[in-house]
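Let's take a look at the charged pairs in this one. Here is the structure to keep open as you read.

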Amino acid sequence: MALKRIYLIRHGETNYNLEGIVQGRLIDSDLNYQGQAQRDLLYQRFSGIHIDHIYLSTLKRTYQTMEPFIKNGIPFSCDENLDELCFGDIEGTPIFDHEGNSVLKKVLAEWKNGNFNIRFDGGESPLEGYHRIEIGFEKILSHESENNIIVCLHQRILRIVMCFLLGKPLSDMDNYPHHNTGITTLDYNYETKKFILKELNDFSHLNITSDL
C-alpha cells in the first residue's frame with residue numbers, strides 16, 4: 001500500500017497576526033521575532049524526520065518559516081496556487097473596528113451559510129481558492145516517489161485545503177483552525193485515493209497550553 005505522509009503547516013507569526021490586521025494574498029509580510037522563534041522550535045520538532053520535499057506558497061512568510069529546512073538541503077517548490085486567499089480591499093486594515101465589530105463577520109457568515117461565491121471587494125471567493133488548491137495538490141500528488149512532504153501555507157487557505165482533502169463542504173472551514181506553525185498530519189493512500197487525518201493543529205512544540 002503506497003502512502004504519502006503530508007505535514008500541513010501554517011507559517012510563523014507576523015506583525016499583522018500579532019496586531020490583528022487582515023493579511024491575505026496581497027500582503028507579503030515577514031515573520032516577526034516571535035515567528036522566527038516558532039520557526040526554530042518547529043525545525044527542532046522535525047529533527048530525525050526525513051522530508052523529501054517542501055511545497056510553499058509564493059509569499060515570503062512561508063519561505064521564511066521553512067528556511068532552516070531549506071538551508072539544510074531539502075528541495076522545495078513555490079506555487080501561487082498555494083497562496084493565501086485574497087481578501088481584497090480590506091487587507092491591511094484592522095480586523096476589529098473601534099466598537100469591536102469584525103470587518104470579516106458578514107462575509108464569513110455568508111460562507112458559513114454556503115454562499116461560497118461571495119468575496120470581499122477586490123478579493124477572492126472560497127470557491128476560487130478551492131479551485132486553486134485542486135490544481136496545486138494535483139501537482140503535489142503527482143510526485144509519487146516522495147514519501148514525506150511538508151506543505152507550508154496560510155490560515156484561511158489551510159481551512160479550504162482541509163475541506164478539499166477530507167471531502168467536507170466548505171461550510172465546515174471553521175472546524176479546522178491552525179495556530180502559527182501548527183502541524184496537521186495526513187496520510188494519502190494512492191490506491192484508495194483517500195486522505196486519512198492523523199493529527200490536527202499540533203503546536204506542542206511551542207510549549208504553550210492553548211490556541212490563540
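Predicted model: local features only at pLDDT ≥ 70, side-chain atom pairs only at ≥ 80, totals over all residues.

Start with Asp 40, which forms a salt bridge with Arg 39, their closest N and O atoms sitting 3.4 Å apart. The two partners fall in separate burial classes: Arg 39 counts as buried at 14% relative accessibility, under the 20% cut-off, while Asp 40 is partly exposed with a relative accessible area of 36%.

## Helix α6 to the loop

Next up is Arg 159, which pairs with Asp 174 in a salt bridge whose closest N and O atoms are 3.6 Å apart. This one links distant parts of the chain: Arg 159 belongs to helix α6 (residues 155-166), Asp 174 lies in the loop between α6 and β5, and 15 residues separate them. Arg 159 is buried, at 11% relative accessibility, whereas Asp 174 comes out partly exposed at 37%.

Asp 187 is buried, at 9% relative accessibility, and Arg 5 is partly exposed with a relative accessible area of 25%.

## The wider tally

How many salt bridges are there by this rule? The count is 13. Some share partners, and in that way Arg 25, Asp 83, Glu 124 and Arg 132 are joined into one network.

Terms used: Residues numbered from 1 in each chain as written. Heavy atoms only, no water. Salt bridge = Lys/Arg side-chain N within 4 Å of Asp/Glu carboxyl O. Buried < 20%, exposed > 50% of the residue type's maximum accessible area, 1.4 Å probe, protein only. Helix = DSSP H or I, 4+ residues; strand = E, 2+ residues; numbered from the N terminus.
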